[in-house]
Amino acid sequence: MQIFTSGMFWFVEGILFMVVILGTRAWVRDRGLAVSAWTWALFVLWLGFAGFTLAFVGTSLGEGEPTAATRGGLLFGMIAIVSGVGIWRLFGAGEQRDRERVGSVESGS
Amino acid sequence: MRAEAEEDRETTPRRRRFAFLVALVLLAGALSWGRSRDAPKVESPIRQIFPQAEIIKVREDVHAVYDEEGGLLGWAGTGRGRGYGGPLTLLVGIDTLGKVAGVEVLENRETPIFWRMVRAPEYFRAIRGESFDSLSWEYADVAGVTGATLSAQAIVQGVQTSVIKVAATAFDTRIPVPPRPFEFGLLEIVVLVLFAMGILGLRLRGPLRRRARWASQVGSLVVLGFWKDSPVTLAKISAFLSGYLPDPRVQMAMYFLVAGFVLTSFLYGRNLYCLYACPFGAAQRIVGVIGGSGLKVSPRWARLLGGVRDVVVFAALFIAFLSARPVLASYEPFAALFSLRGTTLQWLLLFVVLVASLAVRTPWCSFFCPMRSVEVALQDLRNWMKGKGSGGPPGKLVAGRRPSAVEVVAAVSALVVMGLIVGILAQGALYAP
């Protein structure tokens with residue numbers, strides 16, 4: 001549990017943060033999705049919240065508070081999962097818009 | 001084949017009705033046994049308050065306490081307050097100078113997690129040594145900043161009634177008590193508006209009905225959920241059935257909610273509380289919109305889960321009636337969501353249910369909510385009175401088809417939820433104060 005109260009934990013969380021942002025950016029580019037600026041903003045906010053959830057659980061465990069870690073993890077984890085699914089669907093909505101646009105261009109030509 | 005199906009259609013409601021009657025008889029037995037138990041013993045708590053007590057002349061409500069030489073030490077009076085889970089009985093000791101010598105709790109039916117939130121020991125310590133005629137009856141002294149207002153009010157009410165009895169019997173003094181007005185505020189208005197919208201919704205069609213339902217559910221989520229944390233729970237129904245009626249001056253909204261639930265189920269054959277006024281249903285619906293909630297549970301699994309839920313509700317009520325503690329019937333995760341208070345098991349249950357709401361439409365309402373069982377029972381009763389068949393789902397499985405992977409995942413999740421519910425009930429029964 002020592003790792004959760006050390007600087008190493010924050011280092012790992014920072015790496016995770018960057019990996020997820022860069023990975024999502026690459027995924028969006030590969031699929032040619034049109035993701036609006038506010039969806040990106042929401043995604044970054046969500047990522048911050050998910051990082052906070054991880055940090056809350058980790059630091060609570062590190063401080064010897066397993067009950068706080070469990071309850072906080074369940075509450076924040078639940079919010080993170082539900083909002084994460086919502087944002088995922090927003091990305092999907094972008095994908096659907098693209099498909100509709102391609103479809104209308106093809107039928108037009 | 002057709003004859004067999006015909007026979008099934010006839011025998012299933014009959015079996016349901018028979019099971020319902022057996023359950024009713026067992027519950028009535030548990031209730032009468034729970035209610036007939038002896039009144040709490042006062043000798044030991046009196047000795048806690050007056051350690052030198054040797055002779056206690058036990059009377060109905062006010063007991064005289066003497067030391068070994070027959071010298072009068074004081075009096076101890078019992079008094080009741082109406083809390084969330086039923087009556088709360090307290091014993092207040094008053095010495096010969098008319099000062100509070102101590103307070104002991106004789107009967108406590110409050111939810112353990114909320115009972116721990118009130119500052120009862122601090123309040124009891126604070127009033128010790130105070131003259132009985134200088135006590136203030138402000139429940140805020142007990143509640144502090146917590147959300148357990150009803151428990152705090154019950155404590156003050158219990159102390160107050162005890163002191164009044166001792167003052168009248170031993171000191172021949174009448175303590176004036178200001179009359180308690182009926183509290184009719186925003187909560188009561190909102191509840192009435194929600195039911196009115198439900199009745200209106202029955203007459204509307206299409207998008208208008210959907211909008212009315214969304215508006216009322218969002219209102220219910222905000223007011224009945226996050227602001228007042230007042231959803232109808234099995235504990236409330238159990239308290240009503242046990243005869244532990246809440247104080248209508250304080251909890252008028254709860255009367256409206258329970259009456260609305262029962263009356264609309266009877267009058268319209270549809271329970272408008274669940275459709276329009278349940279804040280937890282609203283929370284699931286909103287999560288469902290976020291997640292799409294497109295997964296359908298097959299009717300046979302729905303029937304199976306409904307049957308298991310009925311058994312769990314019966315067990316919960318049986319435990320509550322037998323122990324004369326209505327709060328033990330409550331296994332809903334509502335408090336965890338609306339006041340962020342609950343046991344770890346309740347938090348886990350909330351987590352599983354809300355995450356499942358992303359994929360399945362209102363899973364708690366459809367398969368696990370005890371109010372659904374109560375609703376089906378009421379509809380059965382209504383149909384029986386009208387001479388129709390069973391209103392609820394027949395408790396029969398159609399065998400023969402292999403379950404799909406989705407059904408297996410749903411079944412395992414349902415099993416987890418049921419396990420959590422049983423765990424919550426067992427925890428409540430084992431660790432209640």
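**Entry 1: chain A against chain B**

I began with the two chains and found 11 residues of chain A in contact with 16 residues of chain B, contact being heavy atoms within 4.5 Å. I was working from a predicted model, in which local features need pLDDT of at least 70 and side-chain atom pairs count only at pLDDT 80 or more, while totals for chains, interfaces and linings use all residues. I noted that residues are numbered from 1 along each chain as its sequence is written, that chains are lettered from A in the order in which they are written, and that side-chain values use heavy atoms, with hydrogens and water left out.

I next looked up the buried area, that is, the accessible area (1.4 Å probe) that two parts lose on being put together, summed over both. Between chain A and chain B it is about 1200 Å², and carbon and sulfur atoms give 80% of this. I saw that A:R71, A:L74 and A:M78 supply 46% of the area that chain A buries against chain B, more than any other three residues.

**Entry 2: the domains of chain A**

I read the domain assignment of chain A as domain 1 (1–33) and domain 2 (36–92); such bounds come from an automatic or database assignment. The C-alpha centres of these two domains lie 13 Å apart. I recorded a buried area of about 1200 Å² between them, with 86% from carbon and sulfur atoms. A:F4, A:E13 and A:F17 supply 31% of what domain 1 buries against domain 2, more than any other three residues. I found 0 salt bridges between domain 1 and domain 2 of chain A.

**Entry 3: a residue of chain B**

Notes
A salt bridge is a side-chain nitrogen of Lys or Arg within 4 Å of a carboxyl oxygen of Asp or Glu.
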